[in-house]
Amino acid sequence: MTARGWFLFSLMGVVWGIPYLMIKVAVDAPLSPSMVVFTRCALGAALLLPFALRQGGLTRTVCAHWRPMLAFACIEIIGPWFTLTDAERHLSSSTAGLLIAGVPIVGVLMARFFGDTERLGVRRVAGLTLGLAGVTVLTVPHLTGGDARSLAEVLLTVLGYATAPLIAARHLKDVPTLQLTAPCLALAALVYAPAAAVTRPSAVPSPQVLASLAGLGVICTAVAFVAFLELIKEVGPTRSTVITYVNPAVAVAAGALFLGENLTAGIAVAFTLILAGSVLATAGAGGRRGERAAAVPVQVAGAGAGAGGLGAAGSAEASGSAGTEQGRQGVRG
């Protein structure tokens, strides 16, 4: 990856490692999952909509791309954010963060479903395999009782997070970052507004809970969406999901430092496997030089999961240099 790609990758590794802590604080308050998702989306939309409107043409953009935008909103935000939040009522924040590391593995499978034929190479396959092993080590102890439902909810979240960037890359390449993100967040807020109103707390939450909700809306939603969509432009939709191998490091550390969550031997083993998988999975495709040079670049969008800006990006996980050059031509949010 380029220096810019590594910067965005590192930024997203941190920014999307802390939501699990903030969500856990909110649901333990206790706030309902609907209330948490509504507040997060409403804050993000309130921050980004003025900038999207200032760009001009927002209504025209939504009318022209409403179908893929609706699919992106449902698969990336409306569904996964609720299932993840509800799952954290029974799972620790570090466990939830580690389980989300399955996104790159599912992303590779979904990319094949969407028609991507890039040769992964031995290193990336080994990295994805190590990451899967880490997720398995973490998951097995939770396959009982109420945890089974929470695990299923996290798996649905993983499926959404892996699929949405591919939809954005294929069908939303002409949509500027803010004009994709802001309407999607506004729609999600409208969807959850009735349930949030019904389940609203009877008293004002504590300052700690309010700070967590503010952090979810401002840092982990508004800022993060813009950065993630830029990351997709820079490195492609499949490789960009590998940030979910780094997020667990932050999730585990934050859970231990601020919530007193235990660091068990199983978590240590899973953590090691997942981080090793991250390093290998971000490697180049590993194909022969001639094969890579002959690859035909495919235009992809610069938008993505939660955290970004849409524009013409490089190949859908084609060679890194080609993707980077096209990514620079995209619309910056």
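**Exercise 1. Find the contacts of Glu153 in this predicted model, leaving aside neighbours within four places in sequence. Then place Glu153 in its salt-bridge network.**

*Solution.* 
Step 1. Glu153 is in contact with Thr83, Asp86 and Ala87, once neighbours within four places in sequence are left aside.
Step 2. Locate the residue. Glu153 lies in helix α8, residues 145-171.
Step 3. Check burial. The cut-off for buried is under 20% relative accessible area. Glu153 has 9% relative accessibility, so Glu153 counts as buried.
Step 4. Look for a charged partner. The side chains of Glu153 and Arg149 meet in a salt bridge, 3.8 Å from N to O.
Step 5. Compare positions. Glu153 and Arg149 are separated by about one helical turn, because they are four residues apart in helix α8. An α-helix has 3.6 residues a turn, so residues three or four places apart point the same way.
Step 6. Check the partner. Arg149 counts as exposed, at 52% relative accessibility.
Step 7. Widen the view. Salt bridges that share partners join Asp86, Arg89, Arg149 and Glu153 into one network.

**Exercise 2. Which salt bridges does Arg4 form with Glu230 and Glu234, and what parts of the chain do they link?**

*Solution.* 
Step 1. Start with the total. The whole structure has six salt bridges.
Step 2. Take Glu230. Glu230 forms a salt bridge with Arg4, and the closest N and O atoms are 3.0 Å apart. Glu230 lies in helix α10 and Arg4 in helix α1, so the pair ties together parts that are 226 residues apart in sequence.
Step 3. Take Glu234. Its side chain meets that of Arg4 in a salt bridge of 2.8 Å, N to O. This pair also links distant parts of the chain: Arg4 is in helix α1 and Glu234 in helix α10, 230 residues apart.
Step 4. Glu230 is buried, with a relative accessible area of 7%. Glu234 counts as buried at 3%. Arg4 is partly exposed at 33%.

**Exercise 3. Is Glu261 buried or exposed, and what does its side chain touch?**

*Solution.* 
Step 1. Glu261 sits in the loop between α12 (247-259) and α13 (265-281).
Step 2. Glu261 is buried yet has no salt bridge.
Step 3. Find a polar partner. The side chain of Glu261 makes a polar contact with the side chain of Ser93, at 3.0 Å.
Step 4. List further contacts. Beyond four places in sequence, they include Ser92, Ser94, Gly255 and Ala256.

**Exercise 4. Describe the surroundings of Thr85.**

*Solution.* 
Step 1. Thr85 is in helix α4, residues 58-87.
Step 2. Thr85 counts as buried, at 2% relative accessibility.
Step 3. Not counting residues up to four places away in sequence, Thr85 touches Ile23, Val27, Pro33, Val36 and Val37.
Step 4. Check the backbone. The backbone oxygen of Trp81 lies 2.6 Å from a polar atom of the Thr85 side chain.

**Exercise 5. How many residues has the largest nonpolar core, and which helix gives the most to it?**

*Solution.* 
Step 1. The largest nonpolar core has 73 residues.
Step 2. Helix α10, residues 207-235, gives the most to this core, with 13 residues.
Step 3. Pick out residues with the most contacts inside the core. Among them are Trp81, Ile100 and Leu185.
Step 4. Follow one. Leu185 touches residues beyond four places in sequence, including Cys41, Ile77, Trp81 and Phe225.

Definitions and conventions
Residues are numbered from 1 along each chain as its sequence is written. This is a predicted model: local features need pLDDT of at least 70, side-chain atom pairs count only at pLDDT 80 or more; totals for chains, interfaces and linings use all residues. Side-chain values use heavy atoms; hydrogens and water are left out. Helices (H or I, at least four residues) and strands (E, at least two) are DSSP runs, numbered from the N terminus. Buried means under 20% relative accessible area, exposed over 50%, partly exposed in between (1.4 Å probe, protein chains only). Lys and Arg count as positive and Asp and Glu as negative; His and the chain ends are not counted. A salt bridge is a side-chain nitrogen of Lys or Arg within 4 Å of a carboxyl oxygen of Asp or Glu. A polar contact is a pair of N or O atoms within 3.5 Å; within protein, one must be able to donate a hydrogen and the other to accept it, and residues adjacent in sequence count only if both atoms are side-chain atoms. Contact means heavy atoms within 4.5 Å. A nonpolar core is a set of buried Ala, Val, Leu, Ile, Met, Phe, Trp, Tyr and Cys residues joined through side-chain atoms within 4.5 Å.
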